[in-house]
Amino acid sequence: MADTPPLLIRDATDADIPAIVEIVNHAIRNSTSMWETHETTIAARLDWLHSSQASGFPVLVAETPDGHVAGYSSWKTFRPFSGYRHTVEHSLYIAPAYKRRGIGSALLQALCDRAKAAEVHVMIAGITSTNIASRKLHERFGFQHGGLLPECGTKYGRWMDLLFLYRIMSVA
């Protein structure tokens, strides 16, 4: 990958939503990385973006030098109780044409940097247990195994296990 121009990791805008919708809908249709069976819409993702931004939660995109959105990452509140206010759960998805090019690493690094700046204490990843690439990516960034919930989700007519990984972002 020598001579590959750098990615731009930046905050998402309304103009990025069609590309994000394509990424999400591809994951819904073709993988078990997202445990959803109903495709999303531009309107729904615009609401998500605006709600995330209003809550102070980042939605980041990886933009290629030619202007394509190659992936996105975000976080949300882990659980809706005040005791969890310093814990977030993140999402990270890459467009199929851009996988295995370091984009996931760039987005996860940027998200971790934002988490530290926002004084997030713990970041959580919920990953389909068979998603080895995602598990290894997170482990490279210091995420540790936090537990396995067997058969708690279903897609394509089979039960799936949910692996929780976590990273303590701050020591306080």
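Me: Relative accessible area under 20% means buried, over 50% exposed, and in between partly exposed (1.4 Å probe, protein chains only). Which of these classes does Arg-29 fall into?

Reply: The model is predicted, so local features need pLDDT of at least 70 and side-chain atom pairs pLDDT 80 or more, while totals for chains, interfaces and linings use all residues. Residues are numbered from 1 along each chain as its sequence is written, and side-chain values use heavy atoms, leaving out hydrogens and water. Arg-29 has a relative accessible area of 45%, and therefore counts as partly exposed.

Me: Which residue meets Arg-29 in a salt bridge?

Reply: A salt bridge requires a side-chain nitrogen of Lys or Arg within 4 Å of a carboxyl oxygen of Asp or Glu. Here the N to O distance is 3.2 Å. The partner is Glu-39.

Me: Is Asp-16 buried or exposed?

Reply: The side chain of Asp-16 meets that of Arg-10 in a salt bridge of 2.7 Å, N to O. Arg-10 is partly exposed, at 21% relative accessible area. For Asp-16 the value is 5%, so Asp-16 is buried.

Me: In which strand does Asp-11 lie?

Reply: Asp-11 and Arg-114 meet through their side chains in a salt bridge (2.9 Å, N to O). Arg-114 belongs to helix 3 (residues 103-117), so the pair ties together parts 103 residues apart in sequence. Asp-11 lies in strand 1.

How values were computed. Helix = DSSP H or I, 4+ residues; strand = E, 2+ residues; numbered from the N terminus.
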